[in-house]
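My notes follow in the order I took them.

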Amino acid sequence: MKKIDLHLHLTPFQIPKLGKMNLTSGKNMIPHLEELGISKGVLMSSGEKGLPFGTNEANKKICRQFPDRYAWMCSISPKGKTSVYDRLARFQAEGAVGIGELTYNHKLTDPFLQEVFAAAEKLGATVYLPPLSLCGDNAAMIGSQAYYEYQAGNTAGMELNAYATKSILGEAL
């Protein structure tokens, strides 16, 4: 039986452990995958830009380094200099096997997501939507994002609150 891990977040280089969080490199993940009998991993993108790891560009680099071990799914930002279709076509040409991590806190009927779905359909691209039961808050990833945003000087004033404004189904609270 062939085993594929459909949801990995890796880095092009090993990052020192941050508390209990361990962000591993594509190279250092291979022995773990072998131990589990997993023949291929699919890297999920953190976006087109932003974090120093997990972006479309970083995932593409890992997959070029280990083509027999990894594939990658791109992420499309609501804001871009070119159309969703053009960006998705480019990512496909660069090796993306589909779109994953649609983490925009929008309903599936949102106009942006509808544009993503239409572009994917025209291009024959896979869109990965995990079951709702697997779409909860991931505090470790949020904490990691916050760490790198803080390091980059991206902070907010004290007027910003931390209250949820939408339910998991998208309705205003």
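I call a residue buried under 20% relative accessible area, exposed over 50% and partly exposed in between, with a 1.4 Å probe and protein chains only. The model is predicted, so I hold to its limits: local features need pLDDT of at least 70, side-chain atom pairs count only at pLDDT 80 or more, and totals for chains, interfaces and linings use all residues. Residues are numbered from 1 along each chain as its sequence is written, and side-chain values use heavy atoms, with hydrogens and water left out.

**Entry: the whole chain**

I looked up the elements. Helices (H or I, at least four residues) and strands (E, at least two) are DSSP runs, numbered from the N terminus. I find five helices and five strands. Read from the N terminus, their order is β-α-β-α-β-α-β-α-β-α. Of the 173 residues in the chain, 34% are buried.

Next I looked at contacts, meaning heavy atoms within 4.5 Å. Among contacts in the chain with a separation of 6 or more, 65% come from residues 24 or more positions apart.

**Entry: aromatic pairs**

I describe a pair of aromatic rings by the distance of the centres and the angle of the planes. My rule takes rings of Phe, Tyr and Trp (its six-membered ring) with centres within 6.5 Å; planes under 30 degrees apart are stacked, over 60 edge-to-face, and the rest tilted. How many aromatic pairs does this rule give? The count is two.

One is F66 with Y70, edge-to-face, at 6.2 Å centre to centre and 85° between the planes. F66 is buried at 17% relative accessible area. Y70 is buried too, at 2%.

The other is W72 with F91. Why is this pair edge-to-face? The ring centres lie 6.3 Å apart and the planes stand at 75°, so the pair gets that label. W72 sits in strand β3 (residues 70-73) and F91 in helix α3 (residues 84-93), so the pair ties together parts 19 residues apart in sequence. I checked burial again. W72 has 2% relative accessibility and counts as buried. F91 is buried with 4%.

**Entry: α3 against α4**

I describe two packed helices by the angle between their axes and the distance between the axes. Axes are lines fitted to C-alpha atoms, for helices over the stretch in contact, and angles run from 0 to 180 degrees between N-to-C directions. For α3 and helix α4 (residues 111-123) I note an angle of about 45° and axes 9 Å apart. That makes α3 oblique to α4; under 35 degrees is roughly parallel, over 145 roughly antiparallel, 65 to 115 roughly perpendicular, and the rest oblique.

Which residues meet here? From α3 come V84, Y85, L88, A89 and Q92; from α4 come F112, E115, V116, A119, A120, K122 and L123. By class, this contact has nine nonpolar, one polar and two charged residues. Nonpolar covers Ala, Val, Leu, Ile, Met, Phe, Trp, Tyr, Cys and Pro; charged covers Asp, Glu, Lys and Arg; the others, Gly among them, are polar.

I also looked up L113 in α4. L113 is buried, with 3% relative accessible area. L113 and V84 are 29 residues apart along the chain, and their C-alpha atoms are separated by 9.8 Å.

**Entry: α2 and its cover**

In helix α2 (residues 56-65) the buried residues are N56, A58, N59, K60, I62 and C63. Their cover includes α1 (26-36), β2 (40-44), β3 and α3.

T55 is in the loop between β2 and α2. T55 is buried at 9%. From T55 to M44 I count eleven residues in sequence and 8.4 Å in space, C-alpha to C-alpha.

**Entry: N22**

Where is N22? N22 lies in the loop between β1 (4-8) and α1. N22 and L10 are twelve residues apart in sequence and 9.9 Å apart, C-alpha to C-alpha. Leaving out residues up to four places away in sequence, N22 touches Q14, I15 and K17.
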